[in-house]
Amino acid sequence: MLDAFGDETCQQLLSNFSCPKNPDVDSFLKDKSIRFEKSDNSRTYLILDDDNDGRILAYFSLSFKEVSLVGSSISKSKVKQLDGISKTSEKVRAYLIGQIGKNFAFAPNVFSLNMILDEIY
């Protein structure tokens with residue numbers, strides 16, 4: 001989206017998002033998501049309303065997190081399954097849901113947490 005529309009247009013679209021129940025969720029989308037996207041620290045996915053000019057219904061951000069296996073009691077076969085390559089790996093990468101939020105700027109927004117999680121998984 002950034003490549004297609006540019007920073008300013010994307011920022012304008014994001015400015016219409018409001019999550020008063022969690023100011024951190026609101027702030028991340030408006031103030032940090034573009035920077036995090038450009039630096040490859042996370043990917044932010046917008047869930048848009050097909051019926052009303054593409055308004056943002058919700059969003060989520062994903063990043064990678066390294067999980068240390070040192071000192072764990074996980075079997076070598078499970079380590080290989082988690083790592084995908086080695087049964088002696090000391091750490092694996094996992095997806096981390098960094099942010100998840102619903103837009104309260106318009107009503108009714110019937111998009112629920114379960115619906116957002118369905119989009120993620």
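Let me begin with a term: two residues are in contact when heavy atoms of theirs lie within 4.5 Å. With that in hand, I turn to the structure above, which is a predicted model. Of the contacts in the protein chain with a separation of 6 or more, 50% are made by residues 24 or more positions apart.

I shall next describe the overall fold. The protein chain contains 4 helices and 3 strands. Read from the N terminus, their order is α-α-β-β-α-β-α. As for dimensions, the C-alpha trace spans about 50 × 30 × 25 Å along its principal axes. The radius of gyration of the protein chain is 18 Å, while a compact globule of 121 residues would have one near 14 Å.

Let us consider the surface. The accessible surface of the protein chain is about 8400 Å², and carbon and sulfur atoms contribute 50% of that area. Of the 121 residues, 29% are buried.

I now come to the charges. In general, side chains of opposite charge can pair when their charged atoms come close. How many salt bridges does a search of the whole structure find? The search returns 5, and I shall discuss some of them in turn.

The pair I take up now is Asp26 and Lys30, which form a salt bridge with their closest N and O atoms 3.1 Å apart. Both residues belong to helix 2, residues 23-38, and they are 4 residues apart, about one turn of the helix. Is Asp26 buried or exposed? Asp26 has a relative accessible area of 15%, and residues under 20% count as buried, so Asp26 is buried.

The remaining residues on my list are Glu37, Asp40 and Arg43, which salt bridges link into a network. Arg43 pairs with Glu37, where the closest N and O atoms are 3.3 Å apart. Arg43 also meets the side chain of Asp40 in a salt bridge, at 2.6 Å from N to O. How accessible are the members of this network? Glu37 is partly exposed, with a relative accessible area of 22%. Arg43 is likewise partly exposed, its value being 32%. Asp40 has a relative accessibility of 58%, and the cut-off for exposed is over 50%, so Asp40 counts as exposed.

To conclude, the predicted model shows a salt bridge between Asp26 and Lys30 within helix 2, and a network that joins Glu37, Asp40 and Arg43.

How values were computed
Residues are numbered from 1 along each chain as its sequence is written. This is a predicted model: local features need pLDDT of at least 70, side-chain atom pairs count only at pLDDT 80 or more; totals for chains, interfaces and linings use all residues. Side-chain values use heavy atoms; hydrogens and water are left out. Helices (H or I, at least four residues) and strands (E, at least two) are DSSP runs, numbered from the N terminus. The radius of gyration is taken over C-alpha atoms; the globule rule is 2.2 Å times the number of residues to the power 0.38. Buried means under 20% relative accessible area, exposed over 50%, partly exposed in between (1.4 Å probe, protein chains only). Accessible areas come from the Shrake-Rupley method with a 1.4 Å probe; for residues, only the protein chains shown count as cover. A salt bridge is a side-chain nitrogen of Lys or Arg within 4 Å of a carboxyl oxygen of Asp or Glu.
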